[in-house]
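Open the structure in your viewer and keep the selection tool ready. We will go from stop to stop.

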Amino acid sequence: MISQGPMWGLYMLRMLMGTLYNLLGIKFSACLNKFMVVWVFIGSLVIIIGVPALASTHNSAKWVFTEFINNTGYENNGMVFLIGLLQAGWALVGYECGAQIVEGTKNAATTAPRGIIICVIGAIIQGFVLIISTLFSIQDVDELLNSSMPSATFFLQSTNNPSVTAFFLVILLITQIGSLCNSILATAHVAWAMSRDGCLPFSGFLYKLSGKNKIAANCLIMQLIICIIIILPSLGSTVYWEAIMSAAVISINVSYGIPLLCRLIWVRNNMPKGPFSLGKFGLPLNFISVVWVCFFGVVLCFPSVDPVDPETMNWASLMIGAVMLFSIFFWFTSGRHKYGAQFKQQNMQSST
């Protein structure tokens, strides 16, 4: 079992690298994105083709598509399947980053939704092909389940070559770093936009831009500090680390559902239509999305094993509840009085 110290150190190092990189400006981010498109495409092909080609044995199609392994303690396989959606959830998050950083670009109203659709379709295709390649190449399931580094164990099992294993891991590492840089940038953009609207603590400070490139440096640094504070307790508890990972997927999906729910409740029939519209399918799809987010969020709060004790309990619901309570408290005590105040002032000035 790997101790939490090295994991925490790697986490902090990558967060610091991602923050420093984004402080260089948007031009560097554009270069990174162009590189990552090529890297992810070629890297995926290398792993998808290379791992099965190097594997000494292959599982049968029947095993890949019909075998169901349940080591959770739950007797209901349907429940186990639903809990397993957490891993699939990780593969289908983050596609909104393009929409979060597209503000200020040309044709943002069409570029953002088009980018989201392309990302979702690409993730589905890439993820499906990658998982099929992986399942055919697995050599020892029990060893993977008991490994503290399952990705490295899988590559080593399949290739039986430490050098090739390291090569595959480098592909994944660089991909993760690129994804992290974009995630940090997107989150900083959201924080800056929310501070612009006055709905965050210390909005006046966070809204300030720095340097010739007008970088949201205060938001980037604030984000880094919050990440350090949040992850510190994981040094003494692996349970906390796992709860953070689970809560992250749930929180992201909840953030997808809230705008859709607001539209269904308040602007169901008078939503302004932009150049990209789902037309008559918009409301039904919004409703389905809200139902799915609610269902998905509840399922992912279930413990992953049975019986449940403090070590195996899924504490994600507690963390999400704490965040929601803080958000509600801040909104009623401060946010609702400040949100959009500058827009109201501008409207009053323009009317006079």
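The tour covers the domains, their interface, the cores and one proline.

This is a predicted model: local features need pLDDT of at least 70, side-chain atom pairs count only at pLDDT 80 or more, and totals for chains, interfaces and linings use all residues. Residues are numbered from 1 along each chain as its sequence is written, and side-chain values use heavy atoms, without hydrogens and water.

**Domains.** Select 1-57 + 97-233 for domain 1, then 79-91 + 237-342 for domain 2. These bounds come from an automatic or database domain assignment. The domain centres, taken over C-alpha atoms, are 20 Å apart.

**Interface.** Here 18 residues of domain 1 are in contact with 14 residues of domain 2 (contact: heavy atoms within 4.5 Å). Salt bridges between domain 1 and domain 2 number zero (a side-chain nitrogen of Lys or Arg within 4 Å of a carboxyl oxygen of Asp or Glu). Now select helix H7 (108-137). H7 gives five residues, the largest share of the side of domain 1 that touches domain 2. Helices are DSSP runs (H or I, at least four residues), numbered from the N terminus.

**Cores.** Next, select Ile231, Ala247, Val249, Ile250, Phe296, Leu300 and Met319. They have the most contacts inside the largest nonpolar core, of 15 residues. Such a core joins buried Ala, Val, Leu, Ile, Met, Phe, Trp, Tyr and Cys residues through side-chain atoms within 4.5 Å. Buried means under 20% relative accessible area, exposed over 50%, partly exposed in between (1.4 Å probe, protein chains only). Helix H13 (238-266) gives the most to this core, six residues.

**Pro6.** Finish in helix H1 (residues 4-22), where Pro6 is found. Pro6 is partly exposed, at 46% relative accessible area.

Conventions: Helix = DSSP H or I, 4+ residues; strand = E, 2+ residues; numbered from the N terminus.
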